[in-house]
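Here is a short tour of a protein with a ligand. Have the sequence and the 3D view at hand as you read.

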Amino acid sequence: MSMGMPNISSCENLACAYNCDNKCNAMTVIVSENEGTKCDTQFSSAGKADLLPAVGFVAACCVTDCRYNNTLKCRANGIRIVLRSDHAECGTYLNDKIKMA
Ligand code: SF4
């Protein structure tokens, strides 16, 4: 099912409908350049999605200055989603300049 996509090892956004015990239940998510490295799949809701298994994967990522980004695909072994202000972001992001140092 993953087709080489990195998994989401944890997610801090407990308010998201796809979050189940700090795991992402969304199957696949998209990370965008909005507000840093925002998870564009997050969806705040009192109800929870009823999807199994509770493992999410990164389908696509538009953060082109991340060292793990290769032609708009994430090549990390896995990512963590963290809460920053009021939204979820990729906590595994590393600026590409770090790679060049
Ligand atoms: S680690 Fe980098 S390439 Fe992978 S999802 Fe996060 S920001 Fe995108």
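## Around the ligand

The shell around the ligand holds 11 nonpolar, 3 polar and no charged residues. Here Ala, Val, Leu, Ile, Met, Phe, Trp, Tyr, Cys and Pro count as nonpolar, Asp, Glu, Lys and Arg as charged, and the others, Gly among them, as polar. Cys-61, Cys-66, Asn-69, Cys-74 and Cys-90 come nearest among the 14 residues around the ligand (a residue is near if its C-beta atom, placed from the backbone, lies within 6 Å of the molecule).

This is a predicted model: local features need pLDDT of at least 70, side-chain atom pairs count only at pLDDT 80 or more, and totals for chains, interfaces and linings use all residues. Residues are numbered from 1 along each chain as its sequence is written.

## Overall fold

The protein has 1 helix and 9 strands, in the order β-β-β-β-β-β-β-β-β-α from the N terminus. Helices (H or I, at least four residues) and strands (E, at least two) are DSSP runs, numbered from the N terminus. The C-alpha trace spans about 45 × 30 × 15 Å along its principal axes.

## Two loop residues

Asp-21 has a positive phi of about 55° and sits in the loop between strand E2 (19-20) and strand E3 (23-24). Thr-71, with a positive phi of about 50°, lies in the loop between strand E6 (69-70) and strand E7 (73-74).

Are they buried or exposed? Asp-21 is exposed, with 9 other C-beta atoms within 10 Å, and Thr-71 counts as exposed with 6 C-beta neighbours inside 10 Å. A residue is buried if 20 or more other C-beta atoms, placed from the backbone, lie within 10 Å of its own, exposed if 12 or fewer, and partly exposed in between.
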